[in-house]
Amino acid sequence: MDEQQILALVKARLGITVAVRDTYLAAIVSGVVRELQHEKGIALDSADPNHLMFCVDLATWRYQSVDSDGAMPRHLQYRLRNLVISAGGGVQA
């Protein structure tokens with residue numbers, strides 16, 4: 001998964017045009033990608049716009065909800081569930 005492309009899209013979605021928060025946002029993007037691949041067992045495909053935009057949306061939500069106690073929004077929960085199912089059910093223990 002192209003983390004630089006995800007970072008650029010997250011910044012565009014947030015309206016950030018400077019590089020001041022790039023280190024922090026890049027860490028969030030990297031964490032999202034690794035979580036999806038290693039914990040959820042999803043083989044992310046950079047060519048799949050659904051995978052790309054889910055990473056963007058999840059990273060954006062993580063950035064915006066850093067100080068909130070709210071649960072992940074339903075649309076992200078459903079999309080994550082669908083990705084796990086399409087990946088074959090996720091990581092087998």
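**Note on two helix pairs**

1. Helix H3 (residues 49-64) packs against helix H4 (residues 74-86) at an angle of about 140°, and their axes lie 11 Å apart. H3 is therefore oblique to H4. The model is a predicted one.

2. The crossing of H3 and H4 is left-handed. On the H3 side, the contact is made by His51, Met53, Phe54, Asp57, Leu58 and Trp61. On the H4 side, Leu76, Arg79, Leu80 and Leu83 take part.

3. How do the residues of the contact of H3 with H4 divide into nonpolar, polar and charged? There are 7 nonpolar residues, 1 polar residue and 2 charged residues.

4. The other pair to look at is H1 with H2. Helix H1 covers residues 3-14 and helix H2 covers residues 22-39. Their axes come within 10 Å and cross at roughly 120°. That angle makes H1 oblique to H2, because angles over 145 degrees count as roughly antiparallel, 65 to 115 as roughly perpendicular, under 35 as roughly parallel and the rest as oblique.

5. The crossing of H1 and H2 is right-handed. H1 brings Glu3, Ile6, Leu7, Val10, Lys11 and Leu14 to the contact. These meet Asp22, Leu25, Ala26, Val29, Ser30, Val33 and Arg34 in H2.

6. By class, the contact of H1 with H2 holds 8 nonpolar residues, 1 polar residue and 4 charged residues.

7. To restate the handedness: H3 and H4 cross in a left-handed way, whereas the crossing of H1 and H2 is right-handed.

Technical notes: Residues numbered from 1 in each chain as written. Predicted model: local features only at pLDDT ≥ 70, side-chain atom pairs only at ≥ 80, totals over all residues. Heavy atoms only, no water. Axes fitted to C-alpha atoms, helices over the stretch in contact; angles between N-to-C directions. Helix = DSSP H or I, 4+ residues; strand = E, 2+ residues; numbered from the N terminus. Left-handed = near helix turned anticlockwise from the far one by under 90°. Contact = heavy atoms within 4.5 Å. Nonpolar A, V, L, I, M, F, W, Y, C, P; charged D, E, K, R; others polar.
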